[in-house]
Every structure is written in C-alpha cells, then in structure tokens.
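The stops below are given in the order in which to select them.

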Amino acid sequence: MAAGLIGFLFFIVTALLKLMMFAIFANAILSWLFAFDVINYRNRFVAQVAEFLDRFTTPIMAPLRRVIPPLGGIDLSPIVALLIIQGILGYLIPPAYVAAMGMVSGF
C-alpha cells in the first residue's frame, strides 16, 4: 500500500516538473512571437494565455532573472530553468524514488 502511494507521489512530482518545462518553453516561444510582432496582445485569447503562462512560470523564473543578466537583450533564464528541471528529473528523482521504495520495503 505504501509503495503504491510513494510511486503515485513521485508520478505527480515528475508530471508537475514536466508541465513546468512545457510552460517555460511555451512562454519563451510566446514572448518571441510578441517581440517580433507575429502576434499581439489585442487578441483576448492570446493575452489570457500569455498572462497565465507568466503567472505560472514567474515563481521559477524571477529568482533566475535576478541572478542571470540578459546577454545582448536575450533572456537566458528559461534555458537555465529548463536545464535545472531536466537535471532534477534525470539525476535527483530516480535515486530519491529508489531510496523511498527501499525505506518502505525495509532494506
């Protein structure tokens, strides 16, 4: 029973991190489309999507933007955020899962 609960918990954490990656990527693409005037804020749906993505990604991006200055007008913080999240997914989540399952099974 506990092993299933731990597995589900790690599934939720992994899914949320992947969703955050998607949102950061979508927000970066959307900001480029705004910058090159391919789309604009006059479209209500586009403005709502942009506002949602900004609110969703700001807690992750704001601390990185304070540390990483723009390089030639290009914001590198989405790339750093994606690398950090990918590192967490690849190198921290699997050992934590194995350790949690080991604690449950009594190894």
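Helices here are DSSP runs (H or I, at least four residues), and they are numbered from the N terminus. This is a predicted model, in which local features need pLDDT of at least 70 and side-chain atom pairs count only at pLDDT 80 or more, while totals for chains, interfaces and linings use all residues. Residues are numbered from 1 along each chain as its sequence is written, and side-chain values use heavy atoms, with hydrogens and water left out.

Select Asp-37 to begin. Asp-37 lies in the loop between α1 (2-35) and α2 (44-67). Its phi is near 60°, a positive value in a residue other than glycine. Asp-37 is exposed, with a relative accessible area of 59%; exposed means over 50%, buried under 20% and partly exposed in between, with a 1.4 Å probe and protein chains only.

Next, select Tyr-41, which is also placed in the loop between α1 and α2. Leaving out residues up to four places away in sequence, Tyr-41 touches Phe-34, Ala-47 and Ala-50, where contact means heavy atoms within 4.5 Å. To Glu-51, ten residues from Tyr-41 in sequence, the C-alpha to C-alpha distance is 10.0 Å.

Now show α1 and α2 together. Their axes come within 9 Å and cross at roughly 125°; axes are lines fitted to C-alpha atoms, for helices over the stretch in contact, and angles run from 0 to 180 degrees between N-to-C directions. That makes α1 oblique to α2, since angles under 35 degrees count as roughly parallel, over 145 as roughly antiparallel, 65 to 115 as roughly perpendicular and the rest as oblique. The crossing of α1 and α2 is left-handed, meaning that the near helix is turned anticlockwise from the far one by less than a right angle; clockwise would be right-handed. On the α1 side the contact includes Leu-19, Met-20, Ala-23 and Phe-34, and on the α2 side Val-46, Val-49, Asp-54 and Thr-57 are among the residues. By class, this contact of α1 with α2 has 14 nonpolar, two polar and one charged residues. Ala, Val, Leu, Ile, Met, Phe, Trp, Tyr, Cys and Pro count as nonpolar, Asp, Glu, Lys and Arg as charged, and the others, Gly among them, as polar.

Move on to α2 and helix α3 (residues 77-105). These pack at an angle of about 120°, with axes 9 Å apart, which makes α2 oblique to α3. Here the crossing is right-handed. Select Ile-60, Met-61, Leu-64 and Arg-65 of α2 with Ser-77, Pro-78, Val-80, Ala-81 and Ile-84 of α3 to display the contact.

Then view α1 against α3. The angle is about 175° and the axes are 10 Å apart, which makes α1 roughly antiparallel to α3. The residues of this contact divide into 22 nonpolar, three polar and one charged.

What does the largest nonpolar core contain? It has 14 residues, of which Phe-10, Leu-17, Ile-24, Ala-81, Ile-85 and Leu-89 touch the most other members. A nonpolar core is a set of buried Ala, Val, Leu, Ile, Met, Phe, Trp, Tyr and Cys residues joined through side-chain atoms within 4.5 Å. Each of α1, α2 and α3 supplies at least two residues of this core, and α1 gives the most, with six.

Finish on Ala-81. Apart from its neighbours within four places in sequence, Ala-81 is in contact with Ile-24, Ile-60, Met-61 and Leu-64. A second, separate core of six residues includes Ala-23, Val-46, Ala-50 and Leu-53.
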